[in-house]
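Good morning. I will go through the confidence of this model and then some of its salt bridges. Please have the structure open.

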Amino acid sequence: MATSPPVPVFLIVFFIIIRLISIVGKLSPWTSTGSLPHQLLSLEMANRLHIDSNATKLASTDFGKLVQANPIAVLYPSSINDIVSLVKFSYNSPNPFTVAARGRGHSLRGQAMAKNGVVLEMSSLKLSSNESGIRVSQNPSLGFYADVGGEQLWIDVLRATLEHGLAPVSWTDYLYLTVGGTLSNAGVSGQSFLYGPQISNVYEMDVITGKGDLVRCSKHMNSDLFYAVLGGLGQFGIITRARIALEVAPNRVKWVRMLYHDFTAFTRDQEHLISINGLDYVEGSLIMHQSPPNNWRASFFSPSDQLKINSLLTKHGIIYCLEAVKYYDDLTIDTVDEEIRQLVKGLRFIPGMMFKKDDSLVGFLNRVRSGELKLREKGMWEVAHPWLNLFVGKSGIMEFNAAVFVDILHKQNHTIGPILLYPLTRHK
Ligand SMILES: Cc1cc2nc3c(=O)[nH]c(=O)nc-3n(C[C@H](O)[C@H](O)[C@H](O)COP(=O)(O)OP(=O)(O)OC[C@H]3O[C@@H](n4cnc5c(N)ncnc54)[C@H](O)[C@@H]3O)c2cc1C
């Protein structure tokens, strides 16, 4: 079984502690903002352009709550044509203005904002357009796929595709993000070692370019546009439709978490698990007194498990939690437990510190939602989120642990949110 190809990259996701560098960069700003509202209001879709402070205030902030940028107007498009008209208007204007698509504004540092320009509130397409939605199909060359509007939420894509017994293969940890938003970033999660990020699982897109042309693109058709838009932070066009790869969906998952105090053993076991066949998801996280075991994500550990973890924390300071999932269905229900036993055989977690859960596919994929709702109740969702994602080469990960996790976070006792840490293969 175990071959060990090199695994050179670890993804580290810091929540709360470090400021993300700014990556906002937009087209030329509107220079004489005073006349823009007037000119915009002469457009055909003027009734869907809002210049009132309620609309502009909402679009001037995001989930990060670190920066603010006021647009002149917010367009609530009722059709793709509304967006085409607006972008064309800007392109043909002597003073083109910034146009930014906003999915749900879960960006951290203004990436979906348009200072002195126009924000496109993509969710309004979902409410009133017949042009997008979620449609499941099949053809001989691609197999199953879904054509999905850029404004759609991944949770809705999951629900719609499951009605056909199908699902996308690559996810983010949280599903209340839009297809256009995550495809403009990457969409990285515990399935990425197997399938690559979400942007590697797109067959084709319809994109409104900076000139206002609606262009179809894929690996083989307008490929420059295709690759620029994927991961392009909305700078190369607006995704109105994406064709997403689907596979037959499992019903349920076996979900395990194993605890380590030795970082070397933890990372080696993570690398090992993504180098063999068998698992469908591998992630990991840090547990500290300042970042407790059920921090933020779905409760996994029972109160008695948490007591055990607390005594480990008192002894070791930091505990590393390796998280793995195997999907199963009616055909594999009788063998899945034995398969898990074989997969974790020989791993070097702390004896007795393996915890298991059996869940539905939706329960597992939608695991952050319950944490979100709890935080919302406590008023702790709508707060600043200076998060950071880092890809760290394998050669630097031990040093990173010693300098950042141990010396800074643990020894200096900083208050922090969850920290995820998991391996990816460079070729994916
Ligand atoms: C709780 C939480 C958990 C997360 N977990 C993960 C994770 O596991 N993995 C991961 O990769 N990311 C994760 N993210 C980050 C997520 O990918 C980004 O927040 C992303 O910005 C998606 O959010 P959004 O759909 O609200 O898009 P927005 O923030 O509104 O937009 C993001 C960017 O995409 C552009 N954009 C939006 N729609 C379109 C469109 N239709 N066409 C072209 N450009 C568009 C915007 O202009 C902007 O540049 C998480 C975010 C949160 C809040």
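The protein chain averages a pLDDT of 89, and 89% of the residues score at least 70; pLDDT is the predictor's confidence in each residue, from 0 to 100. This is a predicted model: local features need pLDDT of at least 70, side-chain atom pairs count only at pLDDT 80 or more, and totals for chains, interfaces and linings use all residues. Residues are numbered from 1 along each chain as its sequence is written, and side-chain values use heavy atoms, with hydrogens and water left out.

Over residues 16–33, pLDDT stays under 50. Where pLDDT is low, the predicted coordinates should not be read in detail.

Now the salt bridges. A search of the whole structure finds 23 of them, each a side-chain nitrogen of Lys or Arg within 4 Å of a carboxyl oxygen of Asp or Glu.

Take Arg48 and Asp82, whose closest N and O atoms are 2.6 Å apart. Arg48 lies in the loop between α1 (36–40) and β2 (49–50) and Asp82 in helix α3 (residues 80–92), so the pair ties together parts 34 residues apart in sequence. Helices (H or I, at least four residues) and strands (E, at least two) are DSSP runs, numbered from the N terminus. Asp82 is buried at 6% relative accessibility, while Arg48, at 23%, is partly exposed. Buried means under 20% relative accessible area, exposed over 50%, partly exposed in between (1.4 Å probe, protein chains only).

Next, Asp206 bridges to Arg241 at 2.8 Å between the closest N and O atoms. Asp206 sits in strand β9 (residues 202–208) and Arg241 in strand β11 (residues 238–248).

How values were computed:
Contact means heavy atoms within 4.5 Å.
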